[in-house]
Amino acid sequence: MSKHAKTAAPSQKPHPCQKLAPREVEIVALLHAQLPDKLIADKLGLKPHSVSARLPMIYKKLGVVGRMGAVLLWHDWAVKRTVVVSIP
């Protein structure tokens, strides 16, 4: 009698960028466009402090240390998927 081990399909972990809330996606997309916090806030109708306060949470979700890490991770993910973020 042959033994057939059942193997589970490898689980696909979501990319860290997929963990972001819609507003966080907008913020990271604007970081990628090299906008400072004040201009990001202006474009999104937020206060600059709101943007600055969200950044550490975004970095944590992405598993990066700072702005450049977030930009590089976003670039790698968005370009491969042709992600388009519509920002008013």
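This is a predicted model: local features need pLDDT of at least 70, side-chain atom pairs count only at pLDDT 80 or more; totals for chains, interfaces and linings use all residues.
Good morning. I begin with helix α1, where eight of the eleven residues are buried, so α1 is largely enclosed by the rest of the structure. By "buried" I mean under 20% relative accessible area, with exposed over 50% and partly exposed in between, using a 1.4 Å probe and protein chains only. Helices (H or I, at least four residues) and strands (E, at least two) are DSSP runs, numbered from the N terminus.

Residues are numbered from 1 along each chain as its sequence is written, and side-chain values use heavy atoms, with hydrogens and water left out.

Let me give the overall picture. The protein has four helices and zero strands, and from the N terminus on its elements run α-α-α-α. Of its 88 residues, 32% count as buried. A contact means heavy atoms within 4.5 Å. Among contacts between residues at least 6 apart in sequence, 61% join residues at least 24 apart.

I return now to α1. Its buried residues are Glu-24, Val-25, Glu-26, Ile-27, Val-28, Ala-29, Leu-30 and Leu-31, and they pack against α2, α3 and α4. Take Val-25 as one case: it counts as buried because its relative accessibility is 18%. The C-alpha atoms of Val-25 and Trp-74 are 9.1 Å apart, although 49 residues separate the two along the chain.

What follows α1? Just after this helix, Gln-34 takes a positive phi of about 65°, and Gln-34 is a residue other than glycine. Gln-34 sits in the loop between α1 and α2, where it is exposed, with a relative accessible area of 71%.

The next helix is α2, in which Asp-37, Ile-40, Ala-41 and Leu-44 are buried. They lie on the same side of α2, because they cover an arc of only 100° around the axis, the arc being that of the directions from the helix axis to the C-beta atoms. Just after α2 comes Gly-45, with a positive phi of about 70°.

Is Asp-37 buried or exposed? Asp-37 counts as buried, at 18% relative accessibility. Leaving aside residues up to four places away in sequence, Asp-37 touches Val-51, Ser-52, Leu-55 and Arg-67. Its C-alpha atom is 6.6 Å from that of Ser-52, which is 15 residues away along the chain. Ser-52 belongs to helix α3 and counts as partly exposed, at 33% relative accessibility.

That brings us to α3. With 15 residues at 1.5 Å a residue, α3 should span 21 Å, and its end C-alpha atoms are 21 Å apart, which agrees; the expected span is 1.5 Å times one less than the number of residues. The buried residues of α3 are Val-51, Leu-55, Ile-58, Tyr-59 and Leu-62, and their cover includes α1, α2 and α4. After α3 comes Gly-63, whose phi is positive, near 75°.

Finally, which residues have the most contacts inside the largest nonpolar core? They are Ile-27, Ile-40, Ile-58, Leu-62 and Trp-74, in a core of 24 residues. The elements giving two or more residues to this core are α1 (22-32), α2 (37-44), α3 (48-62) and α4 (67-81). A nonpolar core is a set of buried Ala, Val, Leu, Ile, Met, Phe, Trp, Tyr and Cys residues joined through side-chain atoms within 4.5 Å. Leu-62 touches Pro-16, Cys-17, Leu-20, Val-28, Ala-70 and Leu-73, again without counting residues up to four places away in sequence. In soluble globular proteins, nonpolar side chains tend to be buried together.

Thank you for your attention.
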